[in-house]
Amino acid sequence: MGVKCRAFVAIVFILLLFGSMWLHGNLADHWNTCPKVYSMKNKILSFIRVNSSDDDVAPLRVCPGQRFQVADLLAHLQAAPVSANDVLLKPYLASWDELIKFLEALGPMVGLISQEIESKTAIIRDLAQKAEKEPEKKMKERKRTHQQSDPVLMISHNSSSDYSEMNHRLSFGYTSVRSMIKWELENGLVDFHKQTNSGCRTLLRLHRALLWLQNFLLELGRDTTEGEHLRSPSDLCKETYLRTLAHHHTWWVRKAAELAFLAMPERPYFYLLVCVETQAEAAVVLNRIVRAIEEVYERNEVALQEHGMLDLP
């Protein structure tokens, strides 16, 4: 069966299936709820490490005429790690913006997955925006109170309050992954027994999807010896999905995702996406992306594990 035929079959089936899911409830309920059969052992085994090399000296090319830019993705990923063990949320979410463009470029069926991921990034951004308004209001109220009570001390107070505001922003709840965890735990926003739209729970969903993409890009970027057969992106995507993200999905979502992968383009299309011409060149570019994902993923894994959040409902 040709690629076009497979794509047509996948499109018809998935549109009917996903349409049925939306008629009977939010797709997120199907996406996130399933028996927790994914053990810590499986998590460790499913994360594949790439050995570092010196191939990341030259800058990545900018691909003219397309939304997804692999150079932008790498820049955001490399900007996300901060201090010894934390991840800044702004570049982390910007990395997801590029990964969403990457998934959308693979066709409308894989694009359905990107829509679900995009809804997750929107939740965290919305929570950060709402949380930021409260401290700003309190800061303004404190300034007005001090100015009215003692105008003589206004200059010295304004100077100290500016430093206070600066320190607050550096430790703001949604600045980094660890500050978000601390903020939401202190404010009772995380529920360990039922589903909520907390930033921590949402981050966990993104975290699981990132593991799948890390595995897929790694397999896609594996170089081969001359004459060795290269497996199709469709097969690689399905295989990596089954050993990672599928453990967290219901049977219906797993089957829908597997069918969506049938419509995935062949390798030459991926070469165009990352501005290369050969598998050897693709291996260099994709391995750089995978190593950057590893750094972010491992930091988030440790932060979530330390607070018992790897199985939030």
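Biologist: Why is cysteine 63 called buried?

Modeller: In this predicted model, cysteine 63 has 2% relative accessibility. Buried means under 20%, so cysteine 63 counts as buried.

Biologist: And what makes cysteine 275 buried or exposed?

Modeller: Its relative accessibility is 14%. The cut-off for buried is under 20%, so cysteine 275 counts as buried too.

Biologist: How do you know that cysteine 63 and cysteine 275 form a disulfide?

Modeller: Their sulfur atoms are 1.6 Å apart. A disulfide needs a pair of cysteine sulfur atoms within 2.5 Å, so this pair qualifies. The link joins distant parts of the chain, 212 residues apart: cysteine 63 sits in the loop between α3 (40-46) and α4 (70-79), and cysteine 275 in the loop between α12 (267-273) and α13 (279-306).

Biologist: What about cysteine 200 and cysteine 237: buried or exposed?

Modeller: Cysteine 200 has a relative accessible area of 0%, and cysteine 237 has 1% relative accessibility. With buried set at under 20%, both count as buried.

Biologist: Now to helix α13: why is glutamine 279 called buried?

Modeller: Glutamine 279, found in helix α13, has a relative accessible area of 8%. The limit is under 20%, so glutamine 279 is buried.

Biologist: Which backbone oxygens does the side chain of glutamine 279 reach?

Modeller: That side chain reaches the backbone oxygen of leucine 220 at 3.0 Å and the backbone oxygen of arginine 222 at 2.9 Å. A polar contact requires N or O atoms within 3.5 Å, and these distances, 3.0 Å and 2.9 Å, meet that cut-off.

Definitions and conventions: Residues numbered from 1 in each chain as written. Predicted model: local features only at pLDDT ≥ 70, side-chain atom pairs only at ≥ 80, totals over all residues. Heavy atoms only, no water. Helix = DSSP H or I, 4+ residues; strand = E, 2+ residues; numbered from the N terminus. Buried < 20%, exposed > 50% of the residue type's maximum accessible area, 1.4 Å probe, protein only. Polar contact = N/O pair within 3.5 Å; in protein donor to acceptor, adjacent residues only side chain to side chain.
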